[in-house]
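The sequence and structure are shown first.

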Amino acid sequence: MSHPQSAVLANPFRAGNGVRPPYLAGRDGLLDEFGRFLIEPHPPHVNWSLTGLRGTGKTVLLNEFATRAERAGWVCGTRELGDRHRDPEVLAQAIASDSDALIRRCNALAGIGQTIERSFRFFRPRRLTIGELGVELAYEGVSSDPAEAIGAALSAVAQAADEAHRPGALLLYDEAHLLSDDRSRKEFPLSALLAGLGQAQRSSQSVRVVLCGLPTLTLNLKRAKTYAERMFRQVVVGHLERGDAWDAIGIPLAGSGRSFSLDLVGDIVEATDGYPYFLQFFGAFLCSRIGHAEVNRADYAALEPVLLHELDLAFFEDRYAVAGPAGQQVLEAMARHAGTVGALELRRALPANANVDTVIFRLVERGLIYRPSRGRYDFALPLFRAYLRRRANLTELAWGR
Ligand SMILES: Nc1ncnc2c1ncn2[C@@H]1O[C@H](COP(=O)(O)OP(=O)(O)O)[C@@H](O)[C@H]1O
Ligand SMILES: [Mg+2]
């Protein structure tokens, strides 16, 4: 049977933010471990942190964790944290409202009627924002200390899960690297969260947390509380092993009516370095641009410059733009090195800029770079170096004309 051109040819790939891939490659081992974590009443680490560069599939995994935990009887709440949660009060309020939602579910499951009303009143926010105005509301029994408020909310969730005969309650927070403590602003959201969590978990491990975010999260946790290392099992996700990367391309194609030649799959695995977002992007791009079923290396070679340009627009350009001129100088200086770069080297490379350290700090805050070890920096976006070099060449060509 021959296919009429392009219109009916399938595109099985999905490049996007937190979009479930057609085939979740290379995560079976981790998901098995997570399954064990769910049935252990006293796991060695009561919580998990899940970190990795952008586009490594953290959000997809976090959602998969939630799905599996629910299937195992846990009650789960997921949330994407934002800049506003750097304010500990706002964070405490968010956790209280997530807790409240879980408590209601537990109560409904346990058939407890009037407690619903009680829990709701207990967690009503102390500060409401109406239009532009913040209104302070004092409620009896609710602490004004964010750590205590978080501890109380989480303890109440643990109790509700126990009463509903559930294995536990799980809160899964994405983009948690945003919660760094900030001494200069005197805001300590991560410390408050860890203190509250520690308080609740001293009496019950029926409430647990998964924090997910960029690699900076690991360092932030360590800095916030020395005991964070004992509270969190630190899981790092990265690029897929070669075989898994092959599967990420090959398995979705099987039965789709399209095929990629083996040397083409090899090229894609090579060019993407096995990073999930890029694998999806390359696959999706080639399927959308090529109007015949059997795609080979020559098709890809002809499209490569356009593909890279589209990839730059989709993944890199906006993030490069937010760095601002000073940040861009630091990024470009970093791209001239092969691996991690020291702050000292950057200061030397940019003698005209007196505030290199501040610029670096902002780049970390914006999630563009992170600190893998003391005083050293690396990109938080995979293949960012290659992009910056590509960009520098294009600019040079443009100027040369
Ligand atoms: N294990 C995987 N195998 C194949 N594709 C994946 C995998 N994990 C994620 N993806 C794809 O990668 C892209 C980025 O995933 P996402 O979870 O948003 O990454 P992150 O949260 O780390 O930035 C999505 O298009 C998703 O479908
Ligand atoms: Mg994500």
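## Basis of the description

Axes are lines fitted to C-alpha atoms, for helices over the stretch in contact, and angles run from 0 to 180 degrees between N-to-C directions. Helices (H or I, at least four residues) and strands (E, at least two) are DSSP runs, numbered from the N terminus.

The model is predicted: local features need pLDDT of at least 70, side-chain atom pairs count only at pLDDT 80 or more, and totals for chains, interfaces and linings use all residues. Residues are numbered from 1 along each chain as its sequence is written, while chains are lettered from A and ligands numbered from 1 in the order in which they are written.

## Packing of H6 and H7

Helix H6 (residues 189-203) packs against helix H7 (residues 216-224) at an angle of about 70 degrees, and their axes lie 9 Å apart. The two helices are therefore roughly perpendicular (65 to 115 degrees; under 35 counts as roughly parallel, over 145 as roughly antiparallel and the rest as oblique).

H6 contributes Leu190, Ser191 and Leu194 to the contact, and H7 contributes Asn220, Leu221 and Ala224; residues are in contact if their C-beta atoms, placed from the backbone, lie within 7 Å. By class, this contact has 4 nonpolar, 2 polar and no charged residues. Ala, Val, Leu, Ile, Met, Phe, Trp, Tyr, Cys and Pro count as nonpolar, Asp, Glu, Lys and Arg as charged, and the others, Gly among them, as polar.

## Packing of H1 and H2

The axes of helix H1 (residues 28-39) and H2 come within 10 Å and cross at roughly 40 degrees, which means that H1 is oblique to H2. On the H1 side the contact is made by Leu31, Phe34, Gly35 and Leu38, and on the H2 side by Glu64, Phe65, Arg68 and Ala69. These residues divide into 5 nonpolar, 1 polar and 2 charged.

## Surroundings of ligand 1

Ligand 1 is surrounded by 24 residues, of which Pro21, Gly57, Lys58, Thr59 and Pro276 are the closest; a residue is near a molecule if its C-beta atom, placed from the backbone, lies within 6 Å of it. Helix H2 (58-71) and helix H11 (276-289) are the elements that give two or more residues to this shell. H11 gives the most, with 4 residues.

The shell comprises 10 nonpolar, 10 polar and 4 charged residues. Domain 1 (28-236) and domain 2 (240-314) each supply at least three residues to the shell, the domain bounds coming from an automatic or database domain assignment.

Key: Two residues are in contact if their C-beta atoms, placed from the backbone, lie within 7 Å.
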